[in-house]
Amino acid sequence: MGTTQATDTKKLTIPCPTCGRLNRINASRAGDGPRCGACGTSLALDHPVHLTDTTFDRVIGGTDVPVLVDFYADWCGPCKMVAPVMDELARTRMGSVLVAKVDTERNPRVSQRFGIASIPTVMVFKDGRQVAKQVGALPRQGYEQLLDQT
C-alpha cells in the first residue's frame with residue numbers, strides 16, 4: 001500500500017527565486033513552507049512563481065498538477081489588473097494548481113514560441129502540454145472556469 005501512495009503523490013517543480021535551482025516538492029505539502037534544497041530560501045507558493053526562458057520547460061514538464069501561466073509585461077495596464085487575481089488563485093488553489101508568470105519582455109524565446117502577441121495572455125498546461133488559452137483580462141471567475149474546464 002505504501003508504494004501505491006508514493007506513486008500517486010503529485011509533485012511541483014519550482015525554481016528558487018534566489019539561486020535558481022529547481023526543486024521538486026510534494027504538492028500536498030505546498031503550504032508547509034518548503035525551502036530550496038541548495039540555499040534554504042523559502043519557496044512561497046502563495047503567489048505566482050516567476051518562470052524564464054531557461055526554467056519554463058522544466059517547470060511545466062516537471063509539475064504533476066495543472067500550471068496556470070500569466071504572460072505579462074510590467075508596463076501593461078490590464079496585466080496589472082490581472083496580477084491580484086493571479087495572487088488570489090495562487091493562494092486559494094495552492095497544491096492543486098501551480099500559478100506562474102512569464103515576463104514577455106525578459107523572456108522572448110518562450111513568448112515567441114507560444115505566439116504571445118497580446119498581453120495579458122493566460123495559458124493552462126497539463127502534463128507538459130497547453131490545454132487552454134485566454135487572451136485579455138478576465139475576472140477571477142473566468143480564470144476559475146478556464147481551470148475547471150481542463
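Modeller: The following account treats the aromatic pairs and then turns to the backbone beside them. This is a predicted model, in which local features need pLDDT of at least 70 and side-chain atom pairs count only at pLDDT 80 or more, whereas totals for chains, interfaces and linings use all residues. Residues are numbered from 1 along each chain as its sequence is written, and side-chain values use heavy atoms, with hydrogens and water left out.

The structure holds 5 aromatic pairs (rings of Phe, Tyr and Trp, the last by its six-membered ring, with centres within 6.5 Å; planes under 30 degrees apart are stacked, over 60 edge-to-face, the rest tilted). One of them is Phe 56 with Phe 125, edge-to-face at 5.6 Å centre to centre and 80 degrees between the planes. This pair links distant parts of the chain, for Phe 56 belongs to helix 2 (residues 56–61) and Phe 125 to strand 6, 69 residues apart. Helices (H or I, at least four residues) and strands (E, at least two) are DSSP runs, numbered from the N terminus. Phe 125 is buried at 2% relative accessible area (buried is under 20%, exposed over 50%, partly exposed in between, with a 1.4 Å probe and protein chains only). Phe 114 also pairs edge-to-face with Phe 125, at 5.4 Å and 80 degrees. Ring pairs join Phe 56, Phe 71, Phe 114 and Phe 125 into a cluster.

As to the backbone, the peptide bond from Ile 119 to Pro 120 is cis, and Pro 120 lies in the loop between helix 4 (108–113) and strand 6 (121–126). In the loop between strand 6 and strand 7 (129–135), Asp 127 has a positive phi, near 50 degrees.
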